[in-house]
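I opened a notebook on this structure to look up how its parts pack together. The entries follow in the order I made them.

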Amino acid sequence: MADDNGTDDQDLEQVDDDQDLDLDDDELDDEFDLSGVAPAGAFYEAPEGYRSGFASFVGRPNAGKSTLTNALVGQKIVITSSKPQTTRNVVRGIVHREDAQLILVDTPGLHRPRTLLGERLNDLVRTTWAEVDVVAVCFPANEKIGPGDRFIVTELGKVRRTVRIAVATKTDLVTPEQLGQHLLDIAALGAETSTEWAEIVPVSAVSGDQVQLLADLLVGLLPEGPPLYPDGDLTDAPEEALAADLIREAALEGVRDELPHSIAVVVEEMGLREGRPADKPLLDIVANLYVERDSQKGIMIGHKGSRLRSVGTAARKQIEALLGTPVYLDLQVKIAKDWQRDPRQLRKLGF
């Protein structure tokens, strides 16, 4: 019998074993909990003058915040996409230096919300602003300063005591003349909103231009104190959360219209397979990819499961690269009807 994608059972058996296509419209798991990990205490006496603290990148959706976070950390820990509002969680990236430990807090893009999810993401951003030492507002150099930027800077003005800097991102996409005008526009926005920029710095996360300078400037604005995380840790995000984000990143590629905002991913199970030799580990991951409507499920699965298979393959490679372990991914598509607007569904999805 055909499913809602017009795919019969025989067709589904042809999908490779990296993905298990479960087409049941199950309710979300009541036991799901995606809690973060709090920072550890100080680990040892730091040398005199050592600095440690938190800096948050904020800005409009798709302003380059996540790409910049990855560039500073030196490894991909935050998903990136051309689709707006890709980041939905606060993810901390940890930069270790001999003179400092810089904890980067990547936040969702602040925007005018149209759903309950959007309101909760904005609340998450505002809460973060009040808890960090430095807020770096990102202004993409290839886009003119607009109402969205003015809205963010105005909202940031309501937070007291937090140091503010301005970062002109994506400088590799503009000419020197365009960049010069963009920097003047950022300064003018600061004057217009009575915002005092501690620094205005242009960077390109893609080419690496001035990324190290930005790190130096951020460190200089941190308070003195011991390191807050063990040496070698690059993020405090749980591995389950990182895997879920990488699956969602793969699912975002090639979709359009409203579908990107309708995609959520929950990792239900994750652990090393028992009985494997120590030198040949295999990490089993069982994940559900949720959409809001029946028609979206068909799009996500694709003809004879082709789209879901490509999503699973791309996600598996990214997870393996991040965690350094071969992965067996069991990926299923399910429906959580109108979850962006449903408080109960949002709670179960960790928002």
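I took two strands as paired if DSSP finds at least two bridges between them. Helices (H or I, at least four residues) and strands (E, at least two) are DSSP runs, numbered from the N terminus. The model is predicted, so local features need pLDDT of at least 70 and side-chain atom pairs count only at pLDDT 80 or more, while totals for chains, interfaces and linings use all residues. Residues are numbered from 1 along each chain as its sequence is written, and side-chain values use heavy atoms, with hydrogens and water left out.

Entry on the sheet. I looked up an open sheet of three strands and found the order β7-β8-β9, with mixed pairing. β7 (264-272) and β9 (327-335) are at the edges with a single partner strand each, so one side of each has no neighbour in the sheet. From one strand to the next, the twist averages 15°; angles run from 0 to 180 degrees between N-to-C directions, and axes are lines fitted to C-alpha atoms, for helices over the stretch in contact.

Entry on the pairing. β7 and strand β8 (residues 283-291) run antiparallel and are joined by eight bridges. I checked Val-265 and found its bridge partner in β8 to be Leu-289.

Entry on the helices over the sheet. Helix α7 (residues 239-252) packs on the sheet and touches β7, β8 and β9, where contact means heavy atoms within 4.5 Å. The direction of α7 makes about 130° with that of β7. α10 also lies across β7, β8 and β9, and runs at about 135° to β9.

Entry on the core. I asked which residues of the largest nonpolar core touch the most other members. Of its 29 residues, they are Ile-247, Ile-285, Leu-289 and Leu-331. A nonpolar core is a set of buried Ala, Val, Leu, Ile, Met, Phe, Trp, Tyr and Cys residues joined through side-chain atoms within 4.5 Å; buried means under 20% relative accessible area, exposed over 50%, partly exposed in between (1.4 Å probe, protein chains only). α7, β7, β8, α9, α10 and β9 are the elements that give two or more residues to this core. α7 gives the largest share, eight residues.

Entry on two helix pairs. Helix α9 (residues 294-301) packs with helix α10 (residues 306-323) at about 65°, their axes 5 Å apart. Ile-299, Met-300 and Ile-301 of α9 make this contact with Ser-306, Arg-307 and Leu-308 of α10. Helix α2 (residues 65-73) and helix α6 (residues 211-220) pack at about 85°, with axes 10 Å apart. Leu-68, Ala-71 and Leu-72 of α2 meet Val-211, Leu-214 and Ala-215 of α6.
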